[in-house]
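Here is my notebook page for this one.

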Amino acid sequence: MLTLRLLPEEELVGVADPEPCVELAVPRCIEGSMTIRTLRLTPADLVRLRTETDLALADIRTEVMRAETAWRELLGEWHAEGRAAAEASELDMAVLWRVLEDLRASL
């Protein structure tokens with residue numbers, strides 16, 4: 001879990017550039033061991049990071065929703081084809097087989 005800490009003034013005494021006064025701790029798991037990497041950021045960097053993260057997550061959500069919509073459309077088509085084949089006076093085994101194969105391939 002990421003943690004943020006505003007550095008107290010006494011920790012910034014004598015630092016060449018006190019502007020990066022926000023510490024971001026990032027945990028990383030490398031080859032089974034957990035390490036913590038700390039980064040110092042300016043408040044402006046932190047705001048920029050948050051904004052870019054929000055934009056990236058919005059893009060991911062959009063793609064997930066698009067993929068889910070496409071999946072539902074495909075599923076609807078397979079359902080309609082399967083229902084039509086099942087309701088036909090003579091079952092069209094080729095259509096049923098294709099619907100089953102498409103469903104298996106998508107899983």
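How many aromatic pairs does the structure hold? I found one. Before going on, I note that this is a predicted model, in which local features need pLDDT of at least 70 and side-chain atom pairs count only at pLDDT 80 or more, while totals for chains, interfaces and linings use all residues. Residues are numbered from 1 along each chain as its sequence is written, and side-chain values use heavy atoms, with hydrogens and water left out.

**Entry: the aromatic pair**

A pair of aromatic rings is described by the distance of the centres and the angle of the planes. I looked up both for W71 and W78: 5.8 Å centre to centre and 80° between the planes, an edge-to-face arrangement. My cut-offs: rings of Phe, Tyr and Trp (its six-membered ring) pair if their centres lie within 6.5 Å, and planes under 30 degrees apart count as stacked, over 60 as edge-to-face and the rest as tilted.

Are the two partners buried or exposed? W78 is buried at 9% relative accessibility, whereas W71 is partly exposed at 32%. Here buried means under 20% relative accessible area, exposed over 50%, and partly exposed in between, with a 1.4 Å probe and protein chains only.

Next I checked which ring R104 lies over. The ring belongs to W97, with R104 over its face at 5.8 Å from the ring centre. I count a charge as over a ring if NZ of Lys or CZ of Arg is within 6 Å of the ring centre and within 35 degrees of the ring normal.

R104 also forms a salt bridge with E101, the closest N and O atoms being 2.9 Å apart. For a salt bridge I ask for a side-chain nitrogen of Lys or Arg within 4 Å of a carboxyl oxygen of Asp or Glu. Both residues lie in helix α3 (residues 93-106), three residues apart, about one turn of the helix. Helices (H or I, at least four residues) and strands (E, at least two) are DSSP runs, numbered from the N terminus. E101 is partly exposed, with 32% relative accessibility.

How many salt bridges does a search of the whole structure find? It finds eight.

The bridge between E11 and R5 has its closest N and O atoms 2.9 Å apart. E11 is partly exposed at 33% relative accessibility, and R5 is partly exposed at 33%. The side chains of R5 and E23 meet at 3.3 Å, N to O. That pair links distant parts of the chain, with R5 in strand β1 and E23 in strand β2, 18 residues apart.

E23 itself is buried, with a relative accessible area of 17%, and its strand β2 covers residues 22-30. Leaving aside neighbours within four places in sequence, E23 is in contact (heavy atoms within 4.5 Å) with T3, L4, R5, L7, T38, L39 and R40.

**Entry: L2**

L2 sits in the segment before β1 (3-6) and is exposed, with a relative accessible area of 54%. Which residues does L2 touch, not counting those up to four places away in sequence? I noted L24, A25, V26 and P27.

**Entry: two loop residues**

T42 lies in the loop between β3 (33-41) and α2 (43-87). T42 is buried, with a relative accessible area of 12%. Beyond its neighbours within four places in sequence, T42 is in contact with E19 and P20.

E31 is in the loop between β2 and β3. Most residues other than glycine have a negative phi. E31 is not a glycine, yet has a positive phi of about 50°. E31 is exposed, with a relative accessible area of 82%.

**Entry: a nonpolar patch**

Which residues make the nonpolar surface patch of about 260 Å²? I listed L57, I60 and V64. Patch members have over 30% relative accessible area and no salt bridge; like charges are joined within 9 Å, and nonpolar side chains (Val, Leu, Ile, Met, Phe, Trp, Tyr) within 5 Å. Accessible areas come from the Shrake-Rupley method with a 1.4 Å probe, and for residues only the protein chains shown count as cover. I60 has its place in helix α2 and is exposed, at 52% relative accessibility.
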